[in-house]
Amino acid sequence: MIEVKNVTKKFGRKNVLKGVSFTAEKGEITCLIGINGVGKTTIMKAIMALTPIDGGEILIDGEKIRKESYEKITFIPDTITMPPSMKIKDAFLFMADFYGGWNQLRANELLQFFRLNENDRISELSKGNTAKVNLLLGLSLDVDYILMDEPFSGIDIFSREQIAEVFTSHLIEDRGVIITTHEINDIEHLIDKAVLIDNGVVLREFNTEEVREQEGKSVIDVMREVYKG
Amino acid sequence: MEAKFNNRDPVYVQVIQHFKEQIAKGYFEPGQEIPSRRELANKLKINPNTAQRAYKEMEEQGLIFTEGNLPSRITKDDKLLKRVREELILEAVDTFVHSVRSINVPLSEVLGLVKDQYEKEMKE
């Protein structure tokens, strides 16, 4: 389980996170929802210790993040971080060099799943295919937790569907996933938990099936209530 | 197996309903093997935990059964399967009766229309 407890963060005098708390279970898909600029990416970076926090604490399976944790948790940013001159297969080699948990078999499987060619150069890929390679590199690590920043943003509907399909497949297996998004439509049925964020605070954290069962509301219904009510 | 789910009812309930419809239609036969929870999640594009929940519920209701490590199967209990079909028919009739009553249509008029419409659709 990933526990985010009362985390605060300032950029200069601006309070970006004002006491954010939520949990994300292993084997579940947790979705951080909020419009741009509410602190979603900052939360992800804080979990990964890529940005220092000013208060609160973050635990991964009960422990604070340390060097070894990066074999257990990975972050897929919203843009690819590989040098664009690399071919897809060079990126594989790069990942294998840096991560003990690199799983080439899964990478090959994902390559087929996304119908990508390992000899293609990253700089020559379409936006949708670049997003898929980016995702592939993260998903091919044998980690317990995967954080994905806006995996659906700015790509065509068919690529979106294909990526959504990954979530229902064995490629995610029993891992814990946190994704951020500002458009929930495509993935309402895919997520276990929604965490609604606005202005550096968590407005509501809920299990999507529970809300449907107990209140007869869709995720969007709850969002409307919380953000406009 | 294709299904369209709404966003307001629990997905697992909709999955069970979908299975019941397939049973009533005769698409699933008694004792027939059903997809694994992962296959189902993939086919219906739903969360694997939801698929798991639907199977657990159906198992409790006796609609499906699992022996050891074998794939789950549709029950062989004919009475139960018959009841599923009856339940679905009753539900549909209920909804229908409710909506025609709300506009005060006499039964005799409705029955004639139902028969005509049903036959028309059969031909299409």
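Good morning. Buried residues, meaning those with 20 or more other C-beta atoms within 10 Å of their own, C-beta atoms being placed from the backbone, make up 37% of the 229 residues in chain A. This is a predicted model, in which local features need pLDDT of at least 70, side-chain atom pairs count only at pLDDT 80 or more, and totals for chains, interfaces and linings use all residues. Residues are numbered from 1 along each chain as its sequence is written, with chains lettered from A and ligands numbered from 1 in the order in which they are written.

Chain A has seven helices and ten strands, taken as DSSP runs numbered from the N terminus (helices H or I, at least four residues; strands E, at least two). Its C-alpha trace spans about 50 × 35 × 30 Å along the principal axes.

Next, confidence. pLDDT is the predictor's confidence in each residue, from 0 to 100. Its mean in chain A is 92, and 100% of the residues reach 70 or more.

Finally, the interface. 19 residues of chain A are in contact with 16 residues of chain B, contact meaning C-beta atoms, placed from the backbone, within 7 Å. On the chain A side, α5 (157-167) and α6 (208-215) each give two or more residues, and α6(A) supplies the largest share, three residues.

Definitions and conventions: Buried ≥ 20, exposed ≤ 12 C-beta atoms within 10 Å, placed from the backbone. Contact = placed C-beta atoms within 7 Å.
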